Structures are given as structure tokens and as C-alpha cells.
Amino acid sequence: MSRFTRLAGNVIEAVLTPHAVDRYLELVDPMVTWADIRGRVTAVSRRTDRTVTFTVTPTRQFEGFRAGQFIQVSVVIDGVRQTRCFSPAGSQHAAGDLEFTVTADAEGHVSKHLRENLRVGDVLGLTPATGTFTLPGEPGARPANIRLISGGSGITPVLSILRTLVDEDHRGTVELLHFCRDADDNPYRAELDLLARRAGVSVNYVYTRAGGRHLGAEHLDDLGDVGFACGPAPLLETAKQLYSERGVELRVEEFAPPAAAAPSGEATGTLRFTEAGTEVDNDGRTILDQAESSGLFPESGCRMGICFSCTAVRKSGCTSNILTGETDSEPDQHIQLCISAPVGDVDVAL
Ligand SMILES: Cc1cc2nc3c(=O)[nH]c(=O)nc-3n(C[C@H](O)[C@H](O)[C@H](O)COP(=O)(O)OP(=O)(O)OC[C@H]3O[C@@H](n4cnc5c(N)ncnc54)[C@H](O)[C@@H]3O)c2cc1C
């Protein structure tokens, strides 16, 4: 084989398997990538007891985002790459670094790690932005009156929308209603107070640990032309009800996975992890939960069927989608482990 053929072969192989090339490149410099998107952390601040706000410079492959979208961010913890969804909080028109704010879940693996350990210079994995929690229309042709409702960590995508509208010099009204524990529990309080001075923008807070009531009809006199809500499930349920009663469009973003299905007690069969060569008695929970309980830690992300980080091949058997109730038993199919529960005997390639 000539040198040219060998070189051409290497180039073709690299083009066909760009992610494999990145495994080698990262040994030299994790920010030099062929296909993967990465981001180097450029600033970190811990503005509240529970949050970490940080900026990252993405590699050249990152193509930007629309306000309200999310990105899968991955970080290696104890040798295992963990992926979670986070929504950039900045304006979609801002050039340069991406800004994230992560609220640490007291029991959460990744959010707690980032809150405690993230440092300037760390390199994170990123994916292209995705999601439909976005402004209708194009800049200059947005709905006139926009209402934003957020609770706790749900501030990030709505702040992105607010900052984007301000950058677009939006001519209508934008009202943000934010629910948080108390005044010290809001990492963006200072900036929001400044934004609230702009014509057409208003910001109101409800401090739930200072006697503030959870979202109800009394908070929303005017629903605007379109509403956006992001926060805990009960807040979203109330918002959906209020908006649907008055026939106004509401877009919602949910951060938390659906409540984990409790073991049914009726589950039967054996769940086999074929690559590990282990098996467990199926207890009815998702395959991801059962794998983790048995000491396997497959890559996972949103735990709610959004991000596809935890796909694996179901070699045989039947699984049920816990969100839709649909069952499927075609062999050798990719399934999302976080939303698939075994129905009887199942072999999965883990
Ligand atoms: C579209 C989207 C955008 C998001 N944007 C943001 C954002 O901008 N900022 C932000 O802070 N968060 C955001 N999130 C939430 C974020 O992705 C994480 O879900 C959150 O940070 C918690 O992750 P964690 O690893 O810390 O917690 P995890 O370790 O995933 O745990 C989360 C909770 O589930 C429980 N749990 C974990 N494993 C099990 C199990 N096997 N059985 C039962 N319970 C279990 C834990 O006790 C904990 O309470 C977003 C989520 C989505 C889907």
C-alpha cells in the first residue's frame, strides 16, 4: 500500500469516525476537537447558597442557540462522564461566552458537583442547543405582550428570553413573575432590578418562604399575547390551567423528570445486562434505575427521555415506555434506558 493510500485511508477513517479522533485529540488538548463541542470555563461565581453561575467559551463547532433552548452539558465525575441539560441564561444575540446558572439539588449528583467543584479552566462537554421553549416570530416581529413565569432554577431560560427581547429593543410589554424562597435566593436579583427600569419591562417577585403564595389567578391579571413558564411541576400545572381557561397560548419547560415509577410489585422476569454478564430480578423500575442499583453506571442525562444520552440496544424482550405506556418487543432496537421499564425478561446490551 502506498503512503498516499494509507494517508487517504486515515483521512477517510477520521471523517467516518470523527468522535473517535476526538478521543485522541483530547489527550493533547481537550479544547482541540474535530467534531465534539466543548467549552472552557472562563468565570465562576457563587451568588447564592445553592447556585453556581459560570461562563464557558465554546469550541468553534458550536452554532449558537435560541433564547429558551437547552444544551447538554457533560462533566467527568469520579471517572464517569455525566450529562445533564442546562439552559443558557444569556441573550441569544450576545456574542462570546455562554452563561449558565446551576441550582444544586440537595441530593443531586451533577448540580452539587458543579456547585462545589467547578473551577475556571475546567473543560465541559457541550451539545448543539435544542428545544422548543422559544420565542415565536423573528426579531422585530415578536408577539407584543409577553408574560414570563419562573420558579427557582427555572429562571435561566426565561431570563434568556427577557435579555434577548431587551437586546431586540422589543416595543411591547414584558412582565416577569419569579417565585423563589426569599430575596437572597435569586442569583439574578441585581440585574433584574436594573432590567425592570427599562420601558415596557416589569419584574415581580414572590418569596415563598416569606409568606408569598404559590402561583394562583391573583398573580396574573393580564396573560399577555403569549406566556412562558418554567419551574416546579405544580407551578407549571397551575399556569397551564390558568392559560387554558382564558384561551391564551402558554409555552412550558419542565426541568425535572417525571416522578420515578415505584416498583409495581407485579413486575416479573429477569433483566440481563449482557455486556456486564449480570442480571437482576426485574422490580418494575426503569432499566436505568435498575442498572444503577446493580452497580452499573451507563451514561445518562436528563432522565426524562429528552436527551438520548442513555440509549442502549435492547437485545430481546419487551419494554414499556413509562411516559406513553407503549410497549415494544422488536429485537435489537435502541431504547432510552431512563424511560423504558422491562415487561418480563429483557436482555439489554450494557
Ligand atoms: C430542558 C432542561 C433544562 C434545564 N436547565 C437547567 C438550568 O438551566 N439550571 C439548572 O439548575 N437545572 C436545569 N435543568 C435540570 C438539570 O438538568 C438537572 O436535572 C438538575 O441539575 C439535577 O441534576 P443532578 O445530577 O444534580 O441530580 P440527579 O442526580 O439527576 O438527581 C435529581 C433528583 O432525582 C433524585 N434521583 C436521582 N436518582 C434517582 C433514582 N435512581 N431514584 C429516585 N430518585 C433519584 C435525586 O435524589 C435528586 O433529587 C434542566 C433540565 C432540563 C430537562
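Sorted by class, the lining of the largest pocket comprises 20 nonpolar, 16 polar and 10 charged residues. Here Ala, Val, Leu, Ile, Met, Phe, Trp, Tyr, Cys and Pro count as nonpolar, Asp, Glu, Lys and Arg as charged, and the others, Gly among them, as polar. A pocket, on a 1 Å grid over the protein atoms alone, is an open set of points with protein on both sides within 12 Å along at least five of seven lines, and lining residues have an atom within 4 Å of a point.

Before going further, some housekeeping: this is a predicted model, where local features need pLDDT of at least 70 and side-chain atom pairs count only at pLDDT 80 or more, while totals for chains, interfaces and linings use all residues. Residues are numbered from 1 along each chain as its sequence is written, and side-chain values use heavy atoms, with hydrogens and water left out.

Back to the pocket. Its volume is about 1,400 Å³, taken as the space filled by probe spheres set on grid points that are joined across faces, edges and corners. Of the 46 lining residues, T103, D105, S153, F255 and A256 lie nearest the centre. β4, β5, α3, β8 (173-180) and α6 (233-245) each supply at least two lining residues, and α6 gives the most, with 4. Those labels are DSSP runs numbered from the N terminus: helices are H or I with at least four residues, strands E with at least two.

So where does the ligand go? The ligand sits in this largest pocket, meaning that more than half of its atoms lie within 2 Å of the pocket's grid points. The elements that give two or more residues to the shell around the ligand are β4 (80-86), β5 (98-103) and α3 (109-117). There are 23 residues around the ligand, and R84, C85, T103, S111 and T156 come nearest; a residue is near if one of its heavy atoms lies within 4 Å. By class, that shell has 8 nonpolar, 8 polar and 7 charged residues.

Now for the polar contacts, pairs of N or O atoms within 3.5 Å (within protein, one must be able to donate a hydrogen and the other to accept it, and residues adjacent in sequence count only if both atoms are side-chain atoms). A polar backbone atom of S87 is 3.1 Å from a ligand oxygen atom, and a polar side-chain atom of D289 lies 3.1 Å from a ligand nitrogen atom. Taken alone the ligand exposes 960 Å², and the protein buries 77% of that, with areas from the Shrake-Rupley method using a 1.4 Å probe and, for residues, only the protein chains shown counting as cover.

Last, the backbone. Most residues other than glycine have a negative phi. F308, in the loop between α7 (287-293) and β14 (311-321), has a positive phi near 65°. D332 has a positive phi near 55°, and its place is in the loop between β15 (327-328) and β16 (333-336).

Definitions and conventions
On a 1 Å grid over the protein atoms alone, a cavity is a set of points where a 1.4 Å probe fits but cannot get out, and a pocket is an open set with protein on both sides within 12 Å along at least five of seven lines; lining residues have an atom within 4 Å of a point.
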